[in-house]
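I opened this one to see how its parts pack together. My notes follow, in the order I looked things up.

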Amino acid sequence: MTLRSEIIGVQNLRPGEAIGYGGLYRTTQEQRIGIVACGYADGYPRSAPNGTPVLVEGKKVPMAGRVCMDMISIDITDFPDADVGSWVELWGQHIPVNEIAGSVGTIGYELICSVLPRVPVRETEGTL
């Protein structure tokens, strides 16, 4: 199973700006932040820590800040080609679901079962 979404917004932040619930993540330099349309209301684990990897058009980048209800913030500072509409793999072929599960203290099967009905499902045959 692959959980994918896309970048729906990009923000350029200055050093010291807060990101996400509680503002626990603060930028340490100028950073380019992508906003991904997926959050805990979709079944992505709210407890995923800063730095959890996601794949943006084939390049691993870290999450920045807490997982929000409907979105995730990612650091795309070092990936200038990433922009609104870029696809994001949250887990799947390149980011194993068990890697995400391990970072939040559970198993991959629980994450797969946690994806909620509001997430569109597309069945395919073979490999993508």
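**Entry 1: the helix α1**

Which residues of α1 are buried? I found Val97, Ile100, Ala101 and Val104. This is a predicted model, so everything in these notes is read from a prediction. The four cover an arc of only 100 degrees around the axis, so they sit on the same side of α1. I then checked the face turned away from that buried side, and it carries the exposed residues Asn98 and Gly102.

What covers the buried residues? The cover includes β5, β8 and α2 (108-114).

**Entry 2**

Next I traced the strand order. I got an open sheet of six strands, β6-β5-β8-β1-β4-β7, with antiparallel pairing. β6 (59-62) and β7 are the edge strands, each pairing on one side only. Direction ignored, neighbouring strands are turned by 40 degrees against each other on average. α1 packs on this sheet and touches β5, β6 and β8, and its direction makes about 65 degrees with that of β8.

**Entry 3: β4**

I went to β4 (residues 31-36) and looked at burial: six of its six residues are buried. Which residues lie on each side? Gln31, Ile33 and Ile35 are on one side, with Arg32, Gly34 and Val36 on the other. A reminder to myself: in a regular strand the side chains alternate between the two faces of the sheet.

For the partners, I found β1 (residues 3-13) pairing with β4 in the antiparallel sense over six bridges. In that pairing Gly9 stands opposite Ile35. β7 (residues 72-75) also pairs with β4 in the antiparallel sense, over four bridges. There, Ile74 is the bridge partner of Gly34.

**Entry 4: Ser73**

Ser73 lies in β7. Buried or exposed, I wondered, for Ser73? Ser73 counts as buried because its relative accessibility is 9%, and the cut-off for that is under 20%. Leaving out residues up to four places away in sequence, Ser73 touches Ile19, Ile33, Gly34, Ile35, Met63 and Ala64.

**Entry 5: β5**

In β5 I sorted the residues by direction. Pro53 and Leu55 point one way, Val54 and Val56 point the other way, and all are buried. β5 runs antiparallel to β6, joined by four bridges, with Val54 opposite Val61. The two strands form a hairpin with two residues between them. Glu57, in the turn, has a positive phi of about 45 degrees. With β8, β5 pairs in the antiparallel sense over two bridges, and I found Leu55 opposite Glu89.

**Entry 6: the nonpolar cores**

Which members of the largest nonpolar core touch the most other members? Of its 27 residues, I found Tyr44, Val56, Ile72 and Ile74. The elements giving two or more residues to this core are β1, β5 (53-56), β7, β8 (87-91) and α1 (97-104). The largest share, four residues, comes from α1.

I listed the contacts of Val56 as well, leaving aside neighbours within four places in sequence. They are Ile7, Val61, Ile74, Phe79, Ala82, Ser86, Trp87 and Val88. There is also a second, separate core of six residues, which includes Ile19, Tyr25, Ile33 and Ala64.

**Entry 7: Asp42**

Last, a loop residue. Asp42 is placed in the loop between β4 and β5. Its relative accessible area is 10%, so Asp42 is buried. What does the side chain of Asp42 make a polar contact with? The partner is the side chain of Arg118, at 2.6 Å. Not counting residues up to four places away in sequence, Asp42 touches Met69, Ser114, Val115, Leu116, Arg118 and Val119.

Methods
Residues numbered from 1 in each chain as written. Predicted model: local features only at pLDDT ≥ 70, side-chain atom pairs only at ≥ 80, totals over all residues. Heavy atoms only, no water. Buried < 20%, exposed > 50% of the residue type's maximum accessible area, 1.4 Å probe, protein only. Pairing = 2+ DSSP bridges. Core = buried A, V, L, I, M, F, W, Y, C linked by side-chain atoms within 4.5 Å. Contact = heavy atoms within 4.5 Å. Axes fitted to C-alpha atoms, helices over the stretch in contact; angles between N-to-C directions. Polar contact = N/O pair within 3.5 Å; in protein donor to acceptor, adjacent residues only side chain to side chain. Arc of directions from axis to C-beta.
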